[in-house]
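Hi,

Here is the structure I promised to pass on.

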Amino acid sequence: AVALLLYAVLLTLHALHSKQAWLGYFAAATETPALTHALNYFDLDLWLPALTLLTVLYYAAGFFFRRRMDELRPWGNVLVNSGLTLGSLLSIVSLLSARETSGWCIIVIALLFAVEVFARPFIWLELAVEVLLSMALYSILDDFNVTYIGHFLFGASLICLGGD
């Protein structure tokens, strides 16, 4: 975990020195396994909230860098894209692992996509919001042991109508 974190710091410093923001993608991709290895080392089963928090931090930092400073705009794009990518992958993994709180974490990630829809109008982002909210609905209904398909279909239709 320490080696991966050191690698991410060195990648970030190299990207800042060479003024190549795209190297930040590699730093962001390296920080995720560093965090999960650190949590595994301390026997903490908190990977879902920790990675959700990391997603929110990436997105928030990138959002403000992209809005405030022109020289940091490429770094803002890197952080926003890294946060949304990590959030998408985290949503899929948390749904497949059937964690108890995965639905609520997926909602947080869907809200980040919803904010990005207004910041950067792109049709695929709107679709991602609806897919993520449907995944969250399924996960939350599964947590409450709701097996009647009508509840899911009603919630999914509300999500689709609310998204329009």
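**Ser-102 and the rest**

Leaving aside neighbours within four places in sequence, Ser-102 is in contact with Leu-48, Ser-94 and Ser-139, where contact means heavy atoms within 4.5 Å. Ser-102 lies in helix α5 (residues 102–119); helices here are DSSP runs (H or I, at least four residues), numbered from the N terminus. With a relative accessible area of 0%, Ser-102 is buried (buried is under 20% relative accessible area, exposed over 50%, partly exposed in between, using a 1.4 Å probe and protein chains only). Its side chain reaches the backbone oxygen of Arg-99 at 3.1 Å.

Before going further, the ground rules: this is a predicted model, so local features need pLDDT of at least 70 and side-chain atom pairs count only at pLDDT 80 or more, while totals for chains, interfaces and linings use all residues. Residues are numbered from 1 along each chain as its sequence is written, and side-chain values use heavy atoms, with hydrogens and water left out.

On confidence, pLDDT is the predictor's confidence in each residue, from 0 to 100. The protein has a mean of 89, and 99% of its residues reach 70 or more.

Thr-52 is another polar residue to look at, in helix α3 (residues 47–68). It is buried at 7% relative accessible area, and its side chain reaches the backbone oxygen of Leu-48 at 2.7 Å. Not counting residues up to four places away in sequence, Thr-52 touches Leu-90, Cys-105 and Val-108.

Now the cores. A nonpolar core is a set of buried Ala, Val, Leu, Ile, Met, Phe, Trp, Tyr and Cys residues joined through side-chain atoms within 4.5 Å. The largest one has 24 residues, and Tyr-58, Leu-84, Phe-113 and Leu-132 have the most contacts inside it. At least two residues of this core come from each of α3, α4, α5 and α6 (123–143), and α5 gives the largest share, seven residues. Apart from it lies another core, of five residues, including Ala-15, Ala-21, Trp-75 and Val-78.

How does the length of α2 check out? At 1.5 Å a residue, its 18 residues should span 26 Å, and the end C-alpha atoms are 26 Å apart, which agrees (the expected span is 1.5 Å times one less than the number of residues). Among the buried residues of α2 are Gly-24, Ala-27 and Leu-39, and what covers the buried ones includes α1, α3 and α4 (73–97). Asp-43, with a positive phi near 55 degrees, follows α2.

Last, the rings. Phe, Tyr and Trp rings (the six-membered one for Trp) pair if their centres lie within 6.5 Å; planes under 30 degrees apart count as stacked, over 60 as edge-to-face and the rest as tilted. That gives five aromatic pairs. Tyr-41 and Phe-42 are edge-to-face, 5.1 Å centre to centre with 80 degrees between the planes, and both residues are exposed. Phe-63 and Phe-64 are also edge-to-face, with centres 5.7 Å apart and planes at 85 degrees. Phe-64 is partly exposed at 44% relative accessibility, and ring pairs link Tyr-59, Phe-63 and Phe-64 into a cluster.

Cheers

Methods: A polar contact is a pair of N or O atoms within 3.5 Å; within protein, one must be able to donate a hydrogen and the other to accept it, and residues adjacent in sequence count only if both atoms are side-chain atoms.
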